[in-house]
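The notes follow in the order in which I looked things up.

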Amino acid sequence: MRINLPVCSDCADYYYCTEPTKTVLHGKMLTPGCRYCMGMKRPRQFKSRAAIIRVPDWCPRRKTPCEVRIYDFRSTNERLMHLFVISQVNRDAGPEARRYALANEGHTELTPREFWLACNDHSSEKSIGRDVPLYAVLEIDDGLKPYCFYRVESGFCPAPYFNTVTARNNTMEEDA
């Protein structure tokens with residue numbers, strides 16, 4: 001799988017392409033046919049093709065350093081159920097957000113793309129400075145788009161359909 005660099009034209013909140021006619025927005029006359037970022041106090045015009053190629057470093061949505069969240073099973077019973085499913089299917093089953101809860105969070109200097117390239121060469125401890133348990137989900141959020149990675153025995157694999165909102169709303173349960 002490839003992790004593509006985000007582009008400004010995908011941003012529904014701040015990206016604005018002007019009409020062919022003159023437009024006034026936030027007290028500034030906008031040049032017809034140009035692209036602007038509306039995320040700051042005043043609209044900022046993109047240079048010729050900058051908005052199409054990649055998100056600039058000055059983007060108001062970008063988080064530096066990136067946030068890291070580790071989701072683990074919310075109880076031992078959930079872990080055992082997951083292991084049972086894996087043993088019945090004889091292959092790795094994808095993570096289900098209803099079985100997970102937020103276990104740890106912090107920051108990392110790596111972007112999701114840099115982590116994906118680095119995790120093939122190093123262990124997760126070297127890449128993000130934390131140990132990620134087996135069958136846990138790692139989320140890296142750079143503010144532009146959060147990416148999730150599922151830890152399996154062979155390493156990490158992308159988990160694009162993991163619902164982080166559901167997992168964040170769950171709480172860890174104490175085992176009796």
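Sheet. I took strands as DSSP runs of E with at least two residues and helices as runs of H or I with at least four, numbered from the N terminus. Two strands count as paired if DSSP finds at least two bridges between them.

The model is predicted; local features need pLDDT of at least 70, side-chain atom pairs count only at pLDDT 80 or more, and totals for chains, interfaces and linings use all residues. Residues are numbered from 1 along each chain as its sequence is written, and side-chain values use heavy atoms, with hydrogens and water left out.

One pairing. I checked β8 (residues 137-141) against β9 (residues 146-152) and noted five bridges in the antiparallel sense. E139 stands opposite C148 in β9. Contact here means heavy atoms within 4.5 Å.

Rings. I searched the whole structure and got nine aromatic pairs. Rings of Phe, Tyr and Trp (its six-membered ring) pair if their centres lie within 6.5 Å; planes under 30 degrees apart are stacked, over 60 edge-to-face, the rest tilted. F115 and F156 have ring centres 5.2 Å apart and planes at 75 degrees, so I logged the pair as edge-to-face. F115 lies in α3 (residues 112-118) and F156 in β10 (residues 155-158), so the pair ties together parts 41 residues apart in sequence.

F115 is buried at a relative accessible area of 0%, and F156 is buried at 12%. Buried means under 20%, exposed over 50%, partly exposed in between (1.4 Å probe, protein chains only). I also noted a cluster in which ring pairs link Y71, F73, Y100 and F162.

Arginine. Where is R99 found? I placed R99 in the loop between α2 (76-89) and β7 (100-108). R99 counts as buried at 9% relative accessibility. Leaving out residues up to four places away in sequence, R99 touches D72, F73, R74, E78 and M81.
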